[in-house]
Amino acid sequence: MSMYDNLNSMQQEAVFHTEGPVLILAGAGSGKTRVLTHRACYLIEEKGVNPWHIMAITFTNKAAGEMRERIDSLVGFGSESIWVSTFHSTCVRILRRYIDRLGYDTNFTIYDADDQKILMKDICKRLQIDTKIYKEKSFLGVISSAKDELISPEDFTLRAAGDFAKERQAAVYREYQAALRKNNALDFDDLLVKTVELLSNDAEVLDYYQERFRYIMVDEYQDTNTAQFYLIKLLADKYRNLCVVGDDDQSIYKFRGANIKNILNFEEIYPDAKVIKLEQNYRSTQNILNAANSVIANNVGRKAKALWTDHGEGEKIDFQQFETAYEEADYIAADIRKKVKESGCHFGDCAILYRTNAQSRLFEEKFVVSDIPYKIVGGINFYARKEIKDLLAYLKTIDNGRDDLAVRRIINVPKRGIGATTLGRVQAYAQEQGLSFYQALRGADEISTIGKAGVKIRPFVNFIQTMRSKVEYLGVAKLLQEIIEETGYVSELEAEGTDEAQARIENIDELLSKAVAYEESEETPTLSGFLEMVALVADVDSLQEGSDYVVLMTLHSAKGLEFPNVYLAGMEDGMFPGYMTIISDDPLEMEEERRLCYVGITRAMTQLTITCAKQRMIRGETQYNKVSRFVKEIPGNLLGGMVRTQKKQKDEQESSAQSFRQATSKVKPIFSTRNIYQSRQSNSFASSSTDKIALDYSSGDRVKHMKFGEGTVLQIVEGGRDYEVTVAFDRVGTKKMFASFAKLKKV
Ligand code: ATP
Ligand code: MG
């Protein structure tokens, strides 16, 4: 029996059709990803294709890692030469080799969201833009969307002519791009843009990669944006052996520029494309599948698909509505414990999926107290933490002194007593002379305007120069160790002695471990290589195979993954679909949310639990939410566990006031262990409501809320630390909230 006998006939057809364009458009769990891995194998073993000529692209590092593993286990010899990678890593690899042809250095830095924000702040200051009115974030959003569509600053400027607001954006875009270039840095979107630019302008490089990638496969094609589409098109243009797989019902990245037309119009661009549909689902039970099918059936304008399974009906979907989000977390924790104890289920078989990262906090607190091992994917990214960013900035400065942001970040970390005026003068000098900030620091003696302050700069420069000379023989981990010792970074934290400082030290240890692991895994480890890896680690990478813990993540991160036991939490109108989607009244946005729901449901293999709470606290406001409309789209006969809920619903009126008090009394977060100290930073409740605010409105007054609009104040109750204000809003109904958070304005 060959491995291809483990495929159904349609899957086999897709695997065996190796020449020319192929489109596999099929629903969740139908084996699309499985087809791709088997296809790679078939190409090598049956068609004699050199693995070197095969490329497989996916969206997340996690998916790429999984694909790599699956291919490795199928293909014996030579599988390591197959190019299995994400779009972004692919671009980095190409650019590290050839970006000098676009006038950049090949050791460019990759800016993350934080770096971008700092840079944008600078630019707005320089252009004298009032960021209270025009937010940095919105400029970054505009630029990112432009880049997704391959619109250059020049094109943008041309299109903006005559429109004052757009002209301002164009000016910012031009400055931003120039600053990146000066810093020899690319942002995430640039990785794609610059690769497309390179391949479009340089026939030699294009030919090299077209020759190399004779067989190209793309997973999750429904989420490609215009830049990604062109990248694939350019690469595939010569041999045209392009196989894309996807599911239009799982397109969930429109907000990042994904263009669903790429998959829907595939046959127009490649008229000779072989189109294959897969209809058997191998992942889920019939009940789960029916639920998914009935939800997605509410989207109009989709390609009809009929998914079936022979896995049998399976258990009903456990649906539970709770009074509060605390009870919801209690239930899920208890349910996981029970399953692990009674039915041989592992923690690692369970995943909790939610709409927004903030929802993880209650589960995290509950799991810490109940001693359930868990891992949060996403949220506060490890690499976005202050201590990690500081140390990485040292590494970046040592590796590439052209990254001004990195240099400025650490010039006074630890404190070196270099004042803002001095730094401003160094900056001005750098600009005047066309130098990088670091180059200017190196030549500080030449800067007449800074006078004696130059003395304070010298030790910093000397330190960086010494470290540079040691990079080669120390290696990444030892270099990092030396930076930590020489700067006294950890000893300062130790002296602080707080739990938070201790947690930071643990994070630094974690970074050191990562550096060691990197050096062990790479054949030729380099400092640039390490920084490159770090820049590309998407959130989902923190998931490790084989460890036994419950996984918590957003629905977006869960794409392509599967778990025996899935909990969809916070299934309430206002949470999911989100409040903004509901008030936008835009059917297309609602359809995107519904697709996300379909993605969520179809992650479950054997048991799906759907939970919601009547009230939950969001940034200090109690929200009263109804059961999500998506849950109502699931036929009642598929749902179990509702009886209890219906009985409770009868008492809704009476109990809501009482449970509000319960909820607020529980609000004080539990910070019993330090590994959740991060939550403390994101939970502003503890710190900002200690001083009671003065109110300039009273019962009966008309007030305005930033999000909810205008309403009438019904009641103000004085609580221990804050006022509880009840407002009947014109548009969204009655809400109870804390005065210090609600920031109501009398109208
Ligand atoms: P998604 O749309 O969620 O990405 P997919 O279409 O890529 O799903 P896969 O992840 O490839 O689906 O497959 C889903 C599950 O079904 C996997 O566990 C896979 O191993 C299994 N599977 C797929 N095809 C078969 C088959 N012919 N026989 C047995 N199991 C299969
Ligand atoms: Mg898949």
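**Reading helix packing, burial and backbone in a predicted model**

Modeller: Let us start with one result, namely that α6 and α9 are roughly parallel to each other (angles under 35 degrees count as roughly parallel, over 145 as roughly antiparallel, 65 to 115 as roughly perpendicular and the rest as oblique). This is a predicted model, in which local features need pLDDT of at least 70 and side-chain atom pairs count only at pLDDT 80 or more, while totals for chains, interfaces and linings use all residues. Residues are numbered from 1 along each chain as its sequence is written, while chains are lettered from A and ligands numbered from 1 in the order in which they are written.

Biologist: At what angle do the axes of α6 and α9 cross?

Modeller: Two packed helices are described by the angle between their axes and the distance between the axes. Here the axes of α6 (residues 136-148) and α9 (residues 188-201) cross at roughly 25° and come within 9 Å; axes are lines fitted to C-alpha atoms, for helices over the stretch in contact, and angles run from 0 to 180 degrees between N-to-C directions. Ser144, Lys147 and Asp148 of α6 make the contact with Asp189, Asp190 and Val193 of α9 (two residues are in contact if their C-beta atoms, placed from the backbone, lie within 7 Å). By class, the residues of this contact are 1 nonpolar, 1 polar and 4 charged (Ala, Val, Leu, Ile, Met, Phe, Trp, Tyr, Cys and Pro count as nonpolar, Asp, Glu, Lys and Arg as charged, and the others, Gly among them, as polar).

Biologist: And how does α6 pack with α8?

Modeller: The axes of α6 and α8 (residues 164-182) are 10 Å apart, at an angle of about 75°, which makes the two helices roughly perpendicular. Phe139, Val142, Ile143 and Ala146 in α6 meet Gln169, Val172, Tyr173 and Tyr176 in α8, and this contact has 7 nonpolar residues, 1 polar residue and no charged ones.

Biologist: How many helices and strands does the protein chain have?

Modeller: The protein chain has 32 helices and 21 strands; helices (H or I, at least four residues) and strands (E, at least two) are DSSP runs, numbered from the N terminus.

Biologist: Is Met575 buried or exposed?

Modeller: Met575 counts as buried because it has 22 C-beta neighbours inside 10 Å, and its place is in the loop between β13 (563-568) and α25 (579-584). Leaving aside neighbours within four places in sequence, Met575 is in contact with Arg355, Gly570 and Asn625. Pro577 has its place in that loop between β13 and α25 as well, and a cis peptide bond with omega of about 5° joins Phe576 and Pro577.

Biologist: Where is Pro414 found?

Modeller: Pro414 is found in the loop between α18 (404-410) and α19 (420-433), and the peptide bond from Val413 to Pro414 is cis, with omega near 0°.

Biologist: Which loop holds Leu150, and what is its phi?

Modeller: Leu150 lies in the loop between α6 and α7 (153-160), and its phi is positive, about 60°, although Leu150 is not a glycine. With 19 other C-beta atoms within 10 Å, Leu150 is partly exposed. Glu220, in the loop between β6 (215-218) and α11 (226-236), also has a positive phi, near 50°, but Glu220 counts as buried because it has 25 C-beta neighbours inside 10 Å.

Methods. Buried ≥ 20, exposed ≤ 12 C-beta atoms within 10 Å, placed from the backbone.
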